[in-house]
Structures are given as C-alpha cells and as structure tokens.
Amino acid sequence: MGWHGYLVLWCAAFGTMALLGYGMSLAGVTRAQRTVRVMGRIERVREPRQGSSQRDGIPVVVSFHDPSTGQEFTVTNDGEHGDRISTAWTGREIGVRYPRGRPHAYRFTIDLWANRHGRAWPNFAVFLVYAGLVAVAAIDWGWPWALLGSGVPWTVSGACYVPQNARAASRRIAALTSRTAVEGRVIAVLTDTSTDDDGHTSTSHTPVVAFTTHEGTSVTAYCADGLPDPTNSYGRDVTIHYTPDDPAVFTPDLASEHRSRTSEMVFSVVALIIGVSAVAVGAVAVAR
Amino acid sequence: MTITAGPLPTRTTPGALAGGFLTGGVIGTSLAAFVVGCIIESLPLCFAGLGLSVVYGLLFFLAGVPRRLREAAVVPRTALAMIESLEAVGGEATSDIAVRFDITVAPNDASAYRVEFTQNINLADLPDYRPRGVLVVEYPPDRPWRVRIVKRPTPEWEDRAAGARLDSVPGPAMVSETPGGCALGFLTLLGLLLGAAVVILLFRADLFAQDASARPPSSARPSVSSTSSTTVVSSASATVALGPDQSFLDKGELRRAIDALTKGKGTRPALTVVVQERLLSVVFAPTGTQAPQFDPRSLPYARFPALVDEATTLGVRSPQTWQITAYRLTGSLTIRVGVTGADGAASLEADGRGKVVRRTPAR
C-alpha cells in the first residue's frame, strides 16, 4: 500500500467518524445534547487568600435548580469543576452543566451554550479529512497545492475575523469609557510556582482586585493585565474602568487597552497578509 | 457516635496484574514494530506498530467505559473528619506540596473509620491543617478509602465543621493507594520487554540480512554470498545477479544490493545504473572523467516498484520483461523505465526523485 492507500484510509476513517458524529448530532444523542444546561446564581463570594493559587478561581457558593426534579443544589467551585471563575459578584449568573440525572457532576461554564449540538468532534474530523486531501493534492500535483489548500481557508477565516475583531475592540473601549471610573483595591496577590523538566522554577503572580460599581455591585476579580509590578501590588488602590452591562469586562489601565487593540489589529492583519501571500504564490505556481 | 474500624480495601487483583502485563506487551510490541519497520524500511510494519497502540488504546478506553459510568453515577458522600496526623511527602519546589493525611472520617449514617491518603495542599492553605483539626471530606460510598478534602465546603458544612468535635478511631487505617504497585510495575516492564523481543525475533531474518548485506565485500574478486546472489565487483563496474525466485522489486532488495556495492569504498560516482528482474549493473565513472555522473545511492529505489507498475499500465499487453536505466546525460538525473511485452514496448521517464515526467505508451 503506497501513500495514496494510507491517505485514502485516513480520509475514509475520519470521514466515517464525521458522518457518525453528524448523524448522532441530528438524532440528538451526542453527549453535549444530553447534557443539562442551567443558569446558576452566585450566592456568596469569598475573598481569595493572599499567596494562594489562582488555579482554583475565586471561591464562590453557587445555587442552581435541576429542571427535571426542581431540586435546588448549593455547591462551591472546589476541585475540578469546569471553567475557572475569575470574576465574581453576588447575584452574577453563571452557567452550570452536568450529565442528565447527575447534578453532583456539575461543571461551571462561562459559555453555557458552547458546543450544544455536539458537532465539535465531527467538525474536527472534517478538518482532518480536508488536511488529508490537501496532502494528496500536494503529493500528486506539487507543493503549490499545499499553499492553496492551507492558504484559502486561512485567508477566508482571517478576512471574516479581522473586521469582527476590530468592531468588538471598538465596542469594548467605548463601553469601558462610557462611565466614570471607580476606586478599587488589590485584596490579594495569588502566587503559583511551577518547575519544568529541567528543574527551572517559575513563579506567576496574579493580583485580585475588589471594586464596587456605581450600580452597587461588589466585584471581585483576577486582574492579570494592566497593573504595574503585580508582585508587590497587594493593598494598592487602583482605578477601575468597567463596562456597566457586564462588570466582568474591566481594566485598571485604559492606555494598555488601546495598546493591546493596536497590537491585536497588527497581528491579525499580518496573519491575513501571510494567508493572501500563500494563496497568491500557490496560484501563480499552479498557473505556470 | 459509633466508632469501629472499617474494612481494608482490596489489594491489586490478578486481573489488574494481567492488564498491566498486556499493556506493557502492547507498548513493547508497537514500539519495536515501529523501530524495526523504520530499520528494514517496511512502511506497513511501521503503521502496524502505530495502529496496534491506537487500537489497544481504543479498546482499553472502551473496556473501561462501563466501570467509569458506574463510578460516575455514584453520588459522593460528604462527611466530617478529624486529622490524626499529617506529613509533607514531596513537591516542595512548587506552590503545592503533597501531604499524607491520617484522618478519622465520621459519616452521619455509617461507622467512623481511619484512612490514610495523600493530597496536594497549597502552601498558603497549609496552616489550616493541624492535628485534631476538623475538616470536610468527600468520598464515593463504595470506595470509602478514596477520600478527598473539600477545601471549599458549602456554608452548611462549614457551619457543621466549625462546631464539631470528633473522637479518634483506633487503626489500622485504610490506604488510598492500592498496594502491589511494585509487582504491577515489574509485570508491565516484563510485558514490554517480551513484546519487543517477539517482534525482533519475528523479523530477525530481515534485520540480520540487512546487517549482512551492509557488510562491504572483502575484495574485488567475484564472490558468492550465502544467499543465492552473485556479486562481481571491479574497478570499472559492478554487477549483482540474484538467484531464481528472487527479484530486485522485492522489498529492500535493491537498496541492500547497492549499499553492499558502495559501502566501504567511499562515494564512487556512477555513470549508469541498470536494473532488471534479477540483474543489477553499475558502471562507475573513471577517475578524472568529465562525463556527467551521480551517486548511485541517491536513486529513489523505494519508488522503483511503483514506477515499473506504472510502466506496465501504459498499454503493453502481457508484459514480459522490464528494465530500469538511470543516467545523467542531459544534466539532470533521468530514470527510464521500459517494459516489453508480446506485442510491443512502453516506457516512462522519471526525475531524480522518482516523479514521472514523461510517458510513452505502447503503440
């Protein structure tokens, strides 16, 4: 069996998996579709301890109702329970998902409806089939087809992403500047030390800020960016710009928001140019 | 509160030991198959090695599904517990350190019991854990030794723990890790070695033949090798003739012959390489010649069978003989494949990488 045989086998295997996945999704029997998704409510927020780890998230007590039994559950984000909660205030809604009939296996989720149809794996299988076909084309017809095969989807997705990203960044900055800033305070600096395979130790410091919005919401949040010298920021007073609709979107440094917006745009445009260049070079080489 | 010593957990079962042996065997077999496949240039063997590990991993995963579903369906039980003793056992270089706890667990509706287990605790939280301190733990009711400290209990359990006073239970304590890990590790290693040995034994002929053919001929005199092939080497040319029932299209045969001819003599450039069913001829370039020449080892021998196959599809009915000629008369290396049959001949030309550049079908 030559390369063609193996690539045909590759495409057939992942094509079958994709079809199976889409079939299960249509039949409504994927794990994602059998997952119960409910909105929970943060009932209590505890302050993280100075020097503790940022991995566990801000300690919260969450309540949610199981729709099938109507029973109320009160739980905490102790141990492995889904997405890390990095911004919390009493009354904040937070997604909770769990397998049907097993509310004790709850997981917190920031995006409650992500992958609700269970098509993430079939989509990935289709991507692998596509990669296999591009490999066949590149082997049979030459390297320009590899550039075309990878450059075209790259460019299309980049062309869709760049304007969306620009609009989102503009909206975010407009929202952050729509209200006057509030005073906040660094209530803890969380420390994580890890050691790599070579024995090198690295330490990360994550400040935790607490601020109260003009609407009276007391927010506790990780503030990984925007604070100078985060290691020694414990107890420091900070000025917080926040979005009135969603206090989870905030910054202690508006200037850094502008800088990151510019760098993101430059990165996106460079990525788009790389894609366009790949397509152009591939097309010219094929035409010759 | 009733206080009695609980049962000890079950030890490593023969099934777990057999599973470890099998897993080691599969890892050894697949790794050895991959490596041996690379050495003897057998793509199917490489893929078989990879496929075996993938299939075994899949089967292992599927076999564990019922158990995992059963375990996941069990609602964990929460209980108060009291620390009898604790000891740091490792992980000082990170924020978390492994702490070995010996605690008394006091469930509401069952007998209290002692258990030992290890859990990572953040350095900042370590002062919360002291001997005689009360904490909240969680465990599956069917495996009470798999205790986990609840670092962030719900307000209800937090209040219970704040006002609780528990009594110690005398030992022995259950242990959370199943003993017998040493035997399991030994059997896994044994399986790994046996698996690798089986693959090497099965393919020893190919491996050793490769070694034998890689050995340079001792002199330029005609020599008859132990296999049914004849090698004649002189300063100007070399030929290798295979015995009956052999072909240079057999897997790796051509590469072995070329390696045997060129090894130990430095890089001897060739003017022409001609391959037929059982005959290989190399004409070496005379020293100081200006004629276009090439390294005979650089030819894409692995592509030769496919090129011959392709040439036979160019309209020759009943193909009888084939010949591959590699030369470099026009500057670039050319591989010409000719096939003759009862009613005509066809040929194709490929470049130095074995890519077909011209086809001349039979007329």
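Biologist: Where in chain A does A:Q54 lie?

Modeller: A:Q54 is found in the loop that runs between strand 1 (35-45) and strand 2 (60-65) of chain A; strands are DSSP runs of E with at least two residues, helices runs of H or I with at least four, numbered from the N terminus. This is a predicted model, in which local features need pLDDT of at least 70 and side-chain atom pairs count only at pLDDT 80 or more, while totals for chains, interfaces and linings use all residues. Residues are numbered from 1 along each chain, and chains are lettered from A and ligands numbered from 1 in the order in which they are written.

Biologist: Why is A:Q54 called buried?

Modeller: A:Q54 has 22 C-beta neighbours inside 10 Å. A residue is buried with 20 or more such neighbours, exposed with 12 or fewer, and partly exposed in between; A:Q54 therefore counts as buried.

Biologist: Which residues does A:Q54 touch, leaving aside those up to four places away in sequence?

Modeller: They are A:L190, A:D192, A:T206 and A:Y222, where contact requires C-beta atoms within 7 Å. A:S204, 150 residues from A:Q54 in sequence, has its C-alpha atom 9.3 Å from that of A:Q54.

Biologist: Why is B:T287 called exposed?

Modeller: B:T287 has 8 C-beta neighbours inside 10 Å and therefore counts as exposed. Its place is in the loop between strand 11 and helix 7 of chain B.

Biologist: How many residues has the largest nonpolar core?

Modeller: That core has 34 residues; the term denotes buried Ala, Val, Leu, Ile, Met, Phe, Trp, Tyr and Cys residues joined through C-beta atoms within 7 Å. B:L254, B:L261, B:L307, B:A311 and B:V337 have the most contacts inside this core. Among the elements giving two or more residues to this core are strand 9 (237-242), helix 6 (253-262) and helix 7 (304-312) of chain B. Helix 6 of chain B supplies the largest share, five residues. Beyond its neighbours within four places in sequence, B:L254 is in contact with B:F248, B:V275, B:L280, B:Y301 and B:F304. Another core, of 32 residues, lies apart and includes A:A188, A:V189, A:V219 and A:I240.

Biologist: How do you know that strand 2 and strand 3 of chain A pair?

Modeller: Pairing requires at least two DSSP bridges, and strand 2 and strand 3 of chain A have five, in the antiparallel sense. One bridge partner is A:E72, in strand 3, for A:H65.

Biologist: What makes strand 3 of chain A an edge strand?

Modeller: Strand 3 (72-76) and strand 6 (107-109) of chain A each pair on one side only. They belong to an open, antiparallel sheet of five strands in the order 3-2-1-5-6.

Biologist: How many residues of chain A are in contact with chain B?

Modeller: 25 residues of chain A are in contact with 20 of chain B. Strand 7 of chain A gives the most to its side, five residues.

Biologist: Which residues of chain B does UniProt annotate as "transmembrane region"?

Modeller: The unreviewed UniProt entry gives that annotation to residues 16-36, 43-63 and 183-203 of chain B; such annotations may be inferred rather than shown by experiment. In the model, residues 16-36 of chain B are 100% helix and 0% strand, with end C-alpha atoms 30 Å apart. Residues 183-203 of chain B are 95% helix and 0% strand, with end C-alpha atoms 30 Å apart.

How values were computed
Two residues are in contact if their C-beta atoms, placed from the backbone, lie within 7 Å.
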